[in-house]
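Here are a few notes to go with your first look at this one. Have the viewer open while you read.

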Amino acid sequence: MGLFHADRKFERFEDVTPEILEHECVKLLLCDLDNTLRLHGETEPSDELAVWIRDVRGAGVKVVVISNNGRRKMMQKFCKPIGVPCVWWSKKPISTKLTAAMDKYKFRPDETAMLGDRVMTDVLAAKFAGVKAWKVEPRKDVI
Ligand SMILES: [Mg+2]
């Protein structure tokens, strides 16, 4: 598959089920934030997101948010209630922060996926890092 082609496509993050993660042998799920896990302007995690994170974590999968958003305090405030570490200003499609997360949490590329809504940042960063590139439809058009 080419650099610009996601390995799997989903409608929304909720479609990435514990069963799929297990089947794909994914133990580390790196997630984009804006338009992937949250709507533009959403300041608190939705109930859907909290439930999904709980289920994914219950399946033994580590979740880390990796965002190009530079608003550190907003991100920390958003991610804290769901207990998910977040990396801001990640400069995707540069894959440095994806690799750093794998190093930090001790997972290999073949057991890692990057989930995001944008080809030019999320999918490309996943390809450069050698992890599974999973794309969701944007939760809302970027303003
Ligand atoms: Mg996004």
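1. First, the ground rules. This is a predicted model, where local features need pLDDT of at least 70, side-chain atom pairs count only at pLDDT 80 or more, and totals for chains, interfaces and linings use all residues. Numbering starts from 1 along each chain as its sequence is written.

2. Leu 49, Trp 52, Ile 53 and Val 56 are its buried residues. They sit on the same side of α2, because they cover an arc of only 100° around the axis (taken from the directions from the helix axis to the C-beta atoms). Asp 47, Arg 54 and Gly 58, on the other side, are exposed. Buried means 20 or more other C-beta atoms within 10 Å of the residue's own, exposed means 12 or fewer, and partly exposed is in between, with C-beta atoms placed from the backbone.

3. Now look at β2 (28–31).

4. β2 and β3 run parallel, joined by four bridges (strands pair if DSSP finds at least two). β2 also pairs in the parallel sense with β5 (residues 112–116), again over four bridges. Check Cys 31: it stands opposite Val 65 in β3, and its bridge partner in β5 is Leu 115.

Note on methods
Two residues are in contact if their C-beta atoms, placed from the backbone, lie within 7 Å.
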